[in-house]
Amino acid sequence: IRTASVGTDHTDPNEIRRRAEGALVARMEGSAVPEESREFAGMGLSGMAAHMLIARGEKVRHGENPEAILTRAAQHTVSDFPNLLTGAGNRVIQNAYGAAQSPLVAQCRQGSHTDFRGKSFLRLGGVGALSPVSESGEIKSTSRIEAAEGYALYSYAAMFSLSRKAIINDDLGAFGDWGRAAGQAAANTEANLVWSLLSAASGAGPVMGEDGKRLFSAPHGNLMTGAELSIDALGAARLILRTRKGLDGVTPIQVKPTTLLVGPALETAAEKVLADIAAATVGEVNPFSGKLSLAVEPRIEDEQWFIFSDLPVIEIGHLASAPGPQVSTRDGWEVLGREFRVVLDVGAGAIDWRGVVRNPGA
């Protein structure tokens, strides 16, 4: 009986590029080299380029000038070497982007857009309670209330040039620094968009399409009077969320408080409020112990605080074909070397006011 097995082909040019990419990423990030990439751990760019040329059937002479090897690799029709740099840069950016994610973005629902046109969201209210069926079998029709919100995507970008000299000298320090900075910048861009919504109009937030009222307002009942962060104040905020009604203003909806969001000024106080308490009596037990997670956002510079729930309040969306920061490259034109561009297509908008409570602080 003949059997066939499918595994990694270490002579495949694409596989060689992927393993070399892992070694480059480790070098730029100062992290451990993956086991599969150890062959390339101490290898320079010209050595990696030579491996790729050989895998494509090209001849590389012993002692051939490194610049000549890099030039040939960069001009090869399949662009292995440019793809190597692009792939490594993209992974550094994505890693930094993920590590720098703000707790503001963590409270958002993720959305996807097919284009840059404004996207509207039609929310339908519940059907309320089911009506009893009459003796004749008639089922009553019910109507559902509608509300629309929306936002659009915009593009944000930055460029970096890796000089011919740096490539030949195998100097990737600046490239790695730029990749980390670009990833952090992308994460900061998203966090700034969310914070601009929450802090708009001196903290009242954006106008909601549902009723023309600000996100945080007296009609919505989610703007508390200034109060010091305490168990009692959290209890009042939780009560607001737990007694929410749907679009019809009658039907109760399930809203579960999940996160206490504060700035650095309240971090210690919030930890004390949420801390486990070895209570001597039942009356001293902290009812919020283990119930709320704490998130600290440095963009909150005063003592205001928010309670978010499992009901999405803000959506942050990306282009469906390009989620997160995207890297592209080309031969340098104004400078000798390669030019790299990172683009982030993103937008954010408030979609419901029922899932959050804001307290402006004492």
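Is Asp80 buried or exposed? With a relative accessible area of 3%, Asp80 is buried, and its surroundings are taken up in the second of the legends below, all of which describe a predicted model.

**View 1. The whole chain, shown as a setting for the close-ups.** The secondary structure of this predicted model comes to ten helices and eleven strands. Of the 362 residues in the protein, 42% are buried, and the accessible surface comes to about 19100 Å², with 52% of that surface belonging to carbon and sulfur atoms. When contacts between residues at least 6 apart in sequence are considered, 73% of them join residues at least 24 apart.

**View 2. The salt bridge between Arg56 and Asp80.** The side chains of these two residues meet with a distance of 2.8 Å from N to O. The pair links distant parts of the chain, since Arg56 belongs to the loop between helix H2 (45-55) and helix H3 (66-75), whereas Asp80 belongs to helix H4 (residues 80-99), 24 residues apart. The two partners can also be described by their accessibility: Arg56 counts as partly exposed at 31% relative accessibility, while Asp80, at 3%, is buried.

View 3. Side chains of opposite charge can pair when their charged atoms come close. Arg72 forms a salt bridge with Glu58, where the closest N and O atoms are 3.6 Å apart. Glu58 lies in the loop between H2 and H3 and Arg72 in helix H3, so this pair ties together parts of the chain that are 14 residues apart in sequence. Arg72 also forms a salt bridge with Glu64, and here the closest N and O atoms are 2.9 Å apart. Elsewhere, salt bridges that share partners join Glu15, Arg18, Arg19, Glu36 and Glu39 into one network, and the count of salt bridges for the model comes to 20.

**View 4. The open four-stranded sheet with the order E6-E5-E7-E11.** The pairing in this sheet is mixed. Strand E6 (293-296) and strand E11 (356-359) stand at the edges, each with a single partner strand, so one side of each has no neighbour in the sheet. Averaged over the sheet, and with direction ignored, neighbouring strands are turned by 20° against each other. Helix H10 (residues 267-274) packs on the sheet, where it touches strand E5 (257-262) and E6, and the direction of H10 makes about 180° with that of E6.

**View 5. Strand E7 (residues 305-309) between its two partner strands.** E7 pairs with E11 in the antiparallel sense over four bridges, and with E5 in the antiparallel sense over five bridges.

**View 6. The largest nonpolar core and another core apart from it.** In soluble globular proteins, nonpolar side chains tend to be buried together. The largest nonpolar core of this model has 34 residues, of which Phe81 and Leu162 touch the most other members. The elements that give two or more residues to this core are helix H1 (13-29), H2, H3, H4, strand E4 (154-163), helix H6 (164-168), helix H7 (173-198) and strand E10 (337-350). Apart from this core lies another, of 29 residues, among them Cys108, Leu193, Leu197 and Phe308.

Key: Residues are numbered from 1 along each chain as its sequence is written. This is a predicted model: local features need pLDDT of at least 70, side-chain atom pairs count only at pLDDT 80 or more; totals for chains, interfaces and linings use all residues. Side-chain values use heavy atoms; hydrogens and water are left out. Two strands pair if DSSP finds at least two bridges between them. Axes are lines fitted to C-alpha atoms, for helices over the stretch in contact, and angles run from 0 to 180 degrees between N-to-C directions. Contact means heavy atoms within 4.5 Å. A salt bridge is a side-chain nitrogen of Lys or Arg within 4 Å of a carboxyl oxygen of Asp or Glu. Buried means under 20% relative accessible area, exposed over 50%, partly exposed in between (1.4 Å probe, protein chains only). A nonpolar core is a set of buried Ala, Val, Leu, Ile, Met, Phe, Trp, Tyr and Cys residues joined through side-chain atoms within 4.5 Å. Accessible areas come from the Shrake-Rupley method with a 1.4 Å probe; for residues, only the protein chains shown count as cover.
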